[in-house]
Amino acid sequence: MQIVVTGHGNFATGIASTVQLLAGNVSGVQYVDFTADMNEETLTNKLQETLTQDQGTVFFCDLLGGTPYKQAATLKATHPDQDIAVVCGCNVASLLENALMGLDQFASSHDLAVKIVTTAQAGIREFGVSSRPAATAHPVDEEEDGI
């Protein structure tokens with residue numbers, strides 16, 4: 001199993017720098033930037049180069065709907081025989097926690113993707129506010145029974 005971090009500008013190498021500072025070299029993680037001098041085809045080729053037939057891949061992208069996300073999603077769609085998952089909007093903590101646990105413990109890219117997203121969500125907090133479930137789009141009045 002591997003994680004390929006990708007995003008706009010120097011998102012990937014910025015995360016690489018942070019990971020290196022906090023944990024040193026982390027095996028199973030690659031970093032691919034999408035810089036201003038690249039086009040979609042160049043990015044797709046770089047992402048394609050990270051894929052291996054015998055190893056699952058989770059693309060760890062910066063933004064939902066951005067070019068890195070779309071190109072990773074296209075690779076997933078065009079390689080149905082390969083174990084590929086695509087996540088976005090995650091953070092350094094979710095990358096580190098899961099990569100340092102050992103990527104070989106995950107049975108599939110989907111299992112790793114779910115764990116990355118869950119870890120990212122659990123790590124988002126406001127200082128001074130106790131942990132509580134995320135607000136829903138339509139909060140329920142506590143006086144009502146929800147029926």
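Of the 147 residues in the protein chain, 37% are buried, where buried denotes a relative accessible area under 20%, exposed one over 50%, and partly exposed a value in between (1.4 Å probe, protein chains only). The model is predicted, so that local features need pLDDT of at least 70 and side-chain atom pairs count only at pLDDT 80 or more, whereas totals for chains, interfaces and linings use all residues. Residues are numbered from 1 along each chain as its sequence is written, and side-chain values use heavy atoms, with hydrogens and water left out.

The protein chain contains five helices and four strands, which follow one another along the sequence in the pattern β-α-β-α-β-α-β-α-α; helices (H or I, at least four residues) and strands (E, at least two) are DSSP runs, numbered from the N terminus. Among contacts (heavy atoms within 4.5 Å) between residues at least 6 apart in sequence, 73% join residues at least 24 apart.

Gln-48 is located in helix H2, which spans residues 40-50, and is partly exposed, with a relative accessible area of 33%. When residues up to four places away in sequence are not counted, Gln-48 touches Leu-75 and His-79. With His-79 there is also a polar contact, made between the two side chains at 3.4 Å; such a contact is a pair of N or O atoms within 3.5 Å, and within protein one must be able to donate a hydrogen and the other to accept it, while residues adjacent in sequence count only if both atoms are side-chain atoms. Gln-71 lies 23 residues from Gln-48 in sequence, and their C-alpha atoms are 9.5 Å apart in space.
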